[in-house]
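Open the model in your viewer and keep the sequence panel in view. The stops below say what to select next and what is there.

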Amino acid sequence: MKKVPALLLLELCTVYHSLGLSHEGSGAMYPNSNNEVVHEETHYTPELDYKYPHWCRTLKLHNGHMTCSSPRGGNYRNSLGTRCALSCERGYKLLGRSSVQCMSNRRWSGSAHCRVVRCHVLSHIQHGTYSCSRSFLVHSRCDYSCFQGYQIEGDRYRVCQEGGSWSGAEPTCADHDPPKLKCPLSRVKVAEPGKLTATVSWERPTATDTADGSLQILRNGPESGLEFSEGQYVIRYKVYDQARNMATCKFTVHVEVRRCPVLKAPLHGYLSCSSDGNNYGAVCEYQCDAGYERSGTSTRVCMFNRSWSDQAPECMLMQIKTDLRSAGALLDQFYEKRRLLIVSTPSATDQYYKLQNIMLQRAGCGLDLRHVTVIELIGMPPQEVGRIKEQFLDTEVIEGLRQALQITQSYFNMVLLDELGIDRERFINPTTSDELYNFIEEYLLTEEEQERLQLNKNLCD
């Protein structure tokens, strides 16, 4: 019974020796004198067992390289004690042990694998994009491009380097293209007839930009649709985009007042013109001085071709016909031309008449300025006399005037008619020139006649 344990111990020793598990083997554990487990030193190379030269499994490293050395030479790469240095191909990174050893337990002392090198995902740039040749793997080249209207600033491409970092720096897309702004064409506008201004309108310019969708257009100059006076105007527009790139444009507006030659006032007369006097559409009316009458057209108009309509009239000395047979024919000569002051007296010796006659002789110039002609009816039939200055009237005309105007022949009286032949005032007592003038100016003269009178009052002084 005591023999069996001794034989068993001998056989176990033989197995241990053949397996390289003696106290000289790498990675083996054995009890010490204190019955404690002691780990073998890592770099100890156990004795080879030539019966089993391929001790560890064949070592593989995908996308990598192995450099192995065995105590027995190259034919014993997987034998006990073989040591291999591990490395990866370009583009791959070694994860795990860089060196392993075939140990006595038929295992390698560590493991490793080659993982492809990747760079971090690139962020998208504002107003641009990029495209990569190999995604974000090592040696991948990512080319940047900007959207229309923007230009790249900085590195145009970046490369994923072997260390897992990108070359260069992230670029930016900057807007350097100014907007496009188109102004309307310059224009010439003729002032409207009878005016010194013209209404000028134009389409508001539009702006486009390759980068910005909404743009604010600023104007420097008059606004469209306003009244422009004569002259030339420069209207400028400008627009900015978000990057403060600016575009400008301008055009001119020329307002022209077409003019006719300046008219000369007629001899013994004057002109009364509308608007500016000689601009397109202006109307000029010819007026004659007291004692003169117009021969020809009364008004002329400045036409678009810068010429006046019709021919210029003349102011002729007024010829009063007295050799007429009716009062109506006499009065027609003065219609719309002159006012009449008809003086009636029963006798040339009448004191009222004599006093009034003296005052009328002194007022002759003033009455002419106020377009008043004096007709005298003196005496009673059959010795009655009618006269206009030194020209005498027929008796039928005298009677016709008395009847038409209801003028009595029994006592002194005066009748004042306006230019339309309407009875405006009657006087039964002598009247001073100032009283006559004041009444005529207040009730009979037009504004234009009053202005003309103020200019020529000194002629009678």
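Buried means under 20% relative accessible area, exposed means over 50%, and partly exposed lies in between (1.4 Å probe, protein chains only). This is a predicted model, in which local features need pLDDT of at least 70 and side-chain atom pairs count only at pLDDT 80 or more, while totals for chains, interfaces and linings use all residues. Residues are numbered from 1 along each chain as its sequence is written, and side-chain values use heavy atoms, with hydrogens and water left out.

**Stop 1: salt bridges**

Select arginine 259 and aspartate 276. Their side chains meet in a salt bridge, 2.8 Å from N to O. The term covers a side-chain nitrogen of Lys or Arg within 4 Å of a carboxyl oxygen of Asp or Glu. Arginine 259 is in the loop between E20 and E21, and aspartate 276 is in the loop between E21 and E22, 17 residues apart. Helices (H or I, at least four residues) and strands (E, at least two) are DSSP runs, numbered from the N terminus. Arginine 259 has a relative accessible area of 26%, so it is partly exposed. Aspartate 276 is also partly exposed, at 40%.

Next, select arginine 325 and aspartate 394. This salt bridge spans 3.3 Å, N to O. Arginine 325 lies in the loop between strand E25 (314–317) and helix H2 (327–332), and aspartate 394 in the loop between strand E29 (391–392) and helix H5 (395–405), so the pair ties together parts 69 residues apart in sequence. Arginine 325 is exposed, at 62% relative accessible area. Aspartate 394 is partly exposed, at 24%.

Now go to arginine 339. Which residue is its salt-bridge partner? It is glutamate 419, with the closest N and O atoms 3.2 Å apart. Arginine 339 belongs to strand E26 (residues 339–345), while glutamate 419 sits in the loop between strand E30 (413–417) and strand E31 (423–427), 80 residues apart. Arginine 339 is buried, with a relative accessible area of 1%. Glutamate 419 is partly exposed, at 25%.

For a network of salt bridges, select Glu192, Lys195 and Glu227. The whole structure holds 19 salt bridges.

**Stop 2: a buried arginine**

Select arginine 370, in the loop between helix H4 (364–369) and strand E27 (372–378). Its relative accessibility is 4%, so arginine 370 counts as buried. Its side chain makes a polar contact with the side chain of glutamate 441, at 2.6 Å. A polar contact is a pair of N or O atoms within 3.5 Å; within protein, one must be able to donate a hydrogen and the other to accept it, and residues adjacent in sequence count only if both atoms are side-chain atoms.

**Stop 3: aromatic rings**

Rings of Phe, Tyr and Trp (its six-membered ring) pair if their centres lie within 6.5 Å; planes under 30 degrees apart are stacked, over 60 edge-to-face, and the rest tilted. By this rule there are eight aromatic pairs. Select tryptophan 202 and phenylalanine 251: this pair is edge-to-face, 5.2 Å centre to centre, with 75 degrees between the planes. Tryptophan 202 is in the loop between strand E15 (197–200) and strand E16 (207–208), and phenylalanine 251 is in strand E20 (residues 246–256), 49 residues apart. Are these two residues buried or exposed? Both tryptophan 202 and phenylalanine 251 are buried.

Move to phenylalanine 439 and tyrosine 443. Their ring centres are 4.8 Å apart and their planes at 45 degrees, so the pair is tilted. They are four residues apart in helix H6 (residues 433–443), which means about one helical turn separates them. Phenylalanine 439 is buried at 17% relative accessibility, and tyrosine 443 is partly exposed at 46%.

**Stop 4: charges over rings**

A charge sits over a ring if NZ of Lys or CZ of Arg is within 6 Å of the ring centre and within 35 degrees of the ring normal. Select arginine 141: its charged end sits over the ring of tyrosine 157, 3.7 Å from the centre. Arginine 244 lies over the face of tyrosine 240, 4.1 Å from the ring centre.

**Stop 5: a three-stranded sheet**

Colour E21, E22 and E24. In the order E21-E22-E24 they form an open sheet with antiparallel pairing. Two strands pair if DSSP finds at least two bridges between them. The edge strands are E21 (269–273) and E24 (299–301), each pairing on one side only. E21 and E22 (residues 283–288) are joined by five bridges. Finish at cysteine 273, whose bridge partner in E22 is cysteine 284.
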